[in-house]
Amino acid sequence: MKIFFRLLRFSKPYHHYIPEYIVYIFFFIVFGLVNFTLLSPLFDILFNTGKTRVVDHLPSFSLSASYFKDAFYYYVNYFIRTSGKGGVLIYVSIVILACTLLKNVFGFLSQKVLTRMRVNMVKRIRHLLYDKYSNQSLGS
């Protein structure tokens, strides 16, 4: 554990990477959760279970999961009325594809931030080791 804390001291100057990493991870998690929540209506339409909720009007905006779910069901019902179940299947598939793509992009960006931080830490450790051992005197 002592070695871990010694290595952690080398990451102190790189604290500016943390906010960027948190933003990327937040969006990675959000888009990952959206994928799982959209699978339920997709399977309802594919297997014709009849459990699709009917939402006749677009709900008023609020920052909650129920708003986004009701808005999604509103658009699903809208597409069922206008273009049939095939159109809904295409709509849901496109939304899932877009969310999967965005999830992977934000996952890649978060890993890129961690890699930059790790490379800079290793470079700093190498410079400190080089300075330490290059300044030693050659004793006989």
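Let's start with glutamate 20 and arginine 116, whose side chains meet in a salt bridge at 3.1 Å, N to O; the term here means a side-chain nitrogen of Lys or Arg within 4 Å of a carboxyl oxygen of Asp or Glu. This pair ties together distant parts of the chain, with glutamate 20 in helix α2 and arginine 116 in helix α3, 96 residues apart. The structure holds one salt bridge. Helices, by the way, are DSSP runs of H or I with at least four residues, numbered from the N terminus.

A quick word on the source: this is a predicted model, where local features need pLDDT of at least 70 and side-chain atom pairs count only at pLDDT 80 or more, while totals for chains, interfaces and linings use all residues. Residues are numbered from 1 along each chain as its sequence is written, and side-chain values use heavy atoms, with hydrogens and water left out.

Now, the largest pocket. About 560 Å³ of space lies in it. A pocket is an open set of points on a 1 Å grid where a 1.4 Å probe fits, with protein on both sides within 12 Å along at least five of seven lines; lining residues have an atom within 4 Å of a point.

Thanks, everyone!

How values were computed: Points joined across faces, edges and corners; volume = space filled by probe spheres on them. Helix = DSSP H or I, 4+ residues; strand = E, 2+ residues; numbered from the N terminus.
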